[in-house]
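Take a look at the chain below, try each task yourself, and then follow the solution step by step.

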Amino acid sequence: MYTGLDCGGYIFCNSTIDTLPHFLYYVETVAKGELLGEFEHLVLLAILRLSGSAYGMSVRREIADRTGRDVSIGAVYATLDRLSAKGLVTSELSDPTPERGGRAKRSFRLTGAGINALNRTRQDLSNMLEGLEFPAAGVAR
């Protein structure tokens, strides 16, 4: 029933509890780029480990050496582009070299936001792991 503004501006003033004015809910929004995906996390860690020599192929090799995962260079570059768009990494081109057929090399480094994202993810993982007892391998829980 519509009763106008005498009901505080609500259309369903005299209806049941499940109408619009009786629903309260809490919504929390997470800003874009705040949470890291698993592969994004690995790429950022590889860049951190490689320091000044973080190039696409060296990042790929670092991930493969440390995790045993054979990742494609395309996946690495797509992730680096995404991390750059989120402001977590920056890159710069070297001068072209004859060894690379006159092509430049792009090196990557973490930004302050990238370091913060790594620290936040590390803390989140630590909090989630705290006090857990892991079952033996192959045992369902």
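A residue is buried when its relative accessible area is under 20%, exposed when it is over 50%, and partly exposed in between (1.4 Å probe, protein chains only). Helices (H or I, at least four residues) and strands (E, at least two) are DSSP runs, numbered from the N terminus. This is a predicted model, in which local features need pLDDT of at least 70, side-chain atom pairs count only at pLDDT 80 or more, and totals for chains, interfaces and linings use all residues. Residues are numbered from 1 along each chain as its sequence is written, and side-chain values use heavy atoms, with hydrogens and water left out.

**Exercise 1. Find the overall pattern of the chain.**

Step one: count the elements, which come to four helices and two strands. Step two: read them along the sequence, and you get α-α-α-β-β-α. Step three: check burial; of the 141 residues, 25% count as buried.

**Exercise 2. Work out which residues of α2 are buried, and what covers them.**

First, pick out the buried ones: Gly56, Ser58, Val59, Glu62 and Ile63. Next, look for contacts, meaning heavy atoms within 4.5 Å. The cover over the buried residues of α2 includes α1, α3 and β2.

**Exercise 3. Describe the largest nonpolar core.**

Begin with the term: a nonpolar core is a set of buried Ala, Val, Leu, Ile, Met, Phe, Trp, Tyr and Cys residues joined through side-chain atoms within 4.5 Å. The largest one here has 21 residues, and those with the most contacts inside it include Phe39, Val59, Ile63 and Val89. Two or more residues come from each of α1, α2, α3, β2 and α4. Helix α1 gives the most, with seven residues. To see one member up close, take Val89: leaving aside neighbours within four places in sequence, its contacts include Leu44, Ile47, Leu80 and Phe108.

**Exercise 4. Is Ser107 buried or exposed, and what does Ser107 touch?**

Locate Ser107 first: this residue is found in strand β2. Its relative accessibility is 15%, so Ser107 counts as buried. Not counting residues up to four places away in sequence, Ser107 touches Ala54, Tyr55, Thr90, Ser91 and Glu92.

**Exercise 5. Explain what stands out about the backbone at Ser51.**

Then recall the background: most residues other than glycine have a negative phi. Ser51 is not a glycine, yet its phi is positive, at about 55 degrees. Finally, Ser51 has a relative accessible area of 52%, so this residue is exposed. For practice, look just after α2, where Gly68 takes a positive phi of about 75 degrees.
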